[in-house]
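Let's take a walk through this fold together.

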Amino acid sequence: MTTHADRVDQLLSGPRPLPIVPAGLPVLRRPADRYDGQLDDAVLHALLDAMRETMHAAPGVGLAAPQIGIGLQLAVLEDSAAVAEDVAVARDRRPLDFLVLVNPAYEAVGDERAFFYEGCLSVPGYQAAVDRPASVHLTASAVDGTPIDADYHGWQARIVQHETDHLAGALYLDLADLRSLSENGVYQALWAGPSIDRARDHLGF
Ligand code: ZN
């Protein structure tokens with residue numbers, strides 16, 4: 001039987017950036033296994049480095065291990081928030097320093113919601129609007145096993161939710177209002193502004 005360690009060895013001996021698994025492959029739809037030391041420390045660090053490189057190259061602000069075909073509860077997140085200032089303010093999008101999440105889970109904090117477009121490296125070419133809790137409480141472990149126990153708000157909370165959902169076998173499209181679905185070029189031309197109100201008016205969601 002092929003183990004996670006076998007799959008990671010095979011992956012790390014292949015090309016960089018790592019190939020990203022597209023929607024439709026079962027690894028994206030299975031709950032990932034809890035990470036429980038299945039990889040040697042050096043291999044784990046090499047995997048996380050490769051995931052970070054792949055996230056930067058895509059480019060994206062998060063990458064979960066199932067997106068590179070590894071069914072373990074590992075994700076990398078990092079956001080330079082390189083968007084227009086008015087968009088950053090509207091979305092409460094502040095830079096997120098590089099963060100590794102091992103076995104993450106979250107719950108909503110308060111009732112405030114945030115409804116914005118998002119995309120996914122495993123669903124290339126499209127964006128859709130997702131209504132999510134504006135703030136979440138995250139529990140996870142850091143790569144060295146240190147507990148992470150923190151609140152996230154705004155766009156950082158959206159990234160935390162999106163990547164943690166991947167580890168449960170969920171895609172953002174499961175939560176999106178599909179009437180908002182927009183091809184990337186259309187999204188950039190018409191709907192990439194600070195608010196989704198205009199998109200809602202015109203697309204009827
Ligand atoms: Zn994704």
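What follows goes from the sheets to the central helix, then to the metal site and the cores.

A quick word on ground rules. This is a predicted model, in which local features need pLDDT of at least 70 and side-chain atom pairs count only at pLDDT 80 or more, while totals for chains, interfaces and linings use all residues. Residues are numbered from 1 along each chain as its sequence is written, and side-chain values use heavy atoms, with hydrogens and water left out.

Start with the sheet of 5 strands, an open one with the order E1-E2-E3-E6-E7 and antiparallel pairing. Strands here (E, at least two residues), like helices (H or I, at least four), are DSSP runs numbered from the N terminus, and two strands pair if DSSP finds at least two bridges between them. E1 and E7 are the edge strands, each pairing on one side only. On average, neighbouring strands of this sheet are turned by 40° against each other, direction ignored.

Now zoom in on E2, residues 74-79. With strand E1 (residues 62-64), E2 pairs in the antiparallel sense over 3 bridges, and Leu63 has Val76 in E2 as its bridge partner. With strand E3 (residues 96-108), E2 again pairs in the antiparallel sense, this time over 5 bridges; here Leu74 stands opposite Val102 in E3. Is E2 covered or open? It is mostly covered, with 6 of its 6 residues buried, where buried means under 20% relative accessible area, exposed over 50% and partly exposed in between (1.4 Å probe, protein chains only). Leu74, Val76 and Glu78 point one way from the strand, Ala75, Leu77 and Asp79 the other way, and all are buried. Further along the sheet, E6 and E7 run antiparallel and are joined by 7 bridges, with Ser141 opposite Pro147 in E7.

Helix H2 (residues 41-57) lies across E1, E2 and E3, running at about 40° to E2. H4 packs on the sheet too, touching E1, E2, E3, E6 and E7, and its direction makes about 70° with that of E3.

E4 and strand E5 (residues 126-133) pair over 6 bridges in the antiparallel sense, and Arg113 has Pro133 in E5 as its bridge partner.

Since 14 of the 14 residues of H4 are buried, the helix is largely enclosed by the rest of the structure. After H4 comes Gly169, whose phi is positive, near 85°.

Which residues coordinate the zinc ion? They are Cys120 (SG), His162 (NE2) and His166 (NE2), at 2.0 to 2.3 Å. Donors are N, O and S atoms within 2.8 Å of the metal (3.2 Å for Na, K and Ca), and water is not among the atoms, so sites may look incomplete. The spacing along the chain is C-x41-H-x3-H. Both histidines, His162 and His166, lie in H4, 4 residues apart, about one turn of the helix. His162 is buried at a relative accessible area of 8%, and His166 is buried at 1%.

Finally, the cores. In the largest nonpolar core, of 28 residues, Leu77, Leu101, Tyr117, Leu138, Tyr152 and Phe205 touch the most other members. H4 gives the most to this core, with 5 residues. A second, separate core of 21 residues includes Val43, Leu74, Val100 and Val102. A nonpolar core is a set of buried Ala, Val, Leu, Ile, Met, Phe, Trp, Tyr and Cys residues joined through side-chain atoms within 4.5 Å.

Key:
Axes fitted to C-alpha atoms, helices over the stretch in contact; angles between N-to-C directions. Contact = heavy atoms within 4.5 Å.
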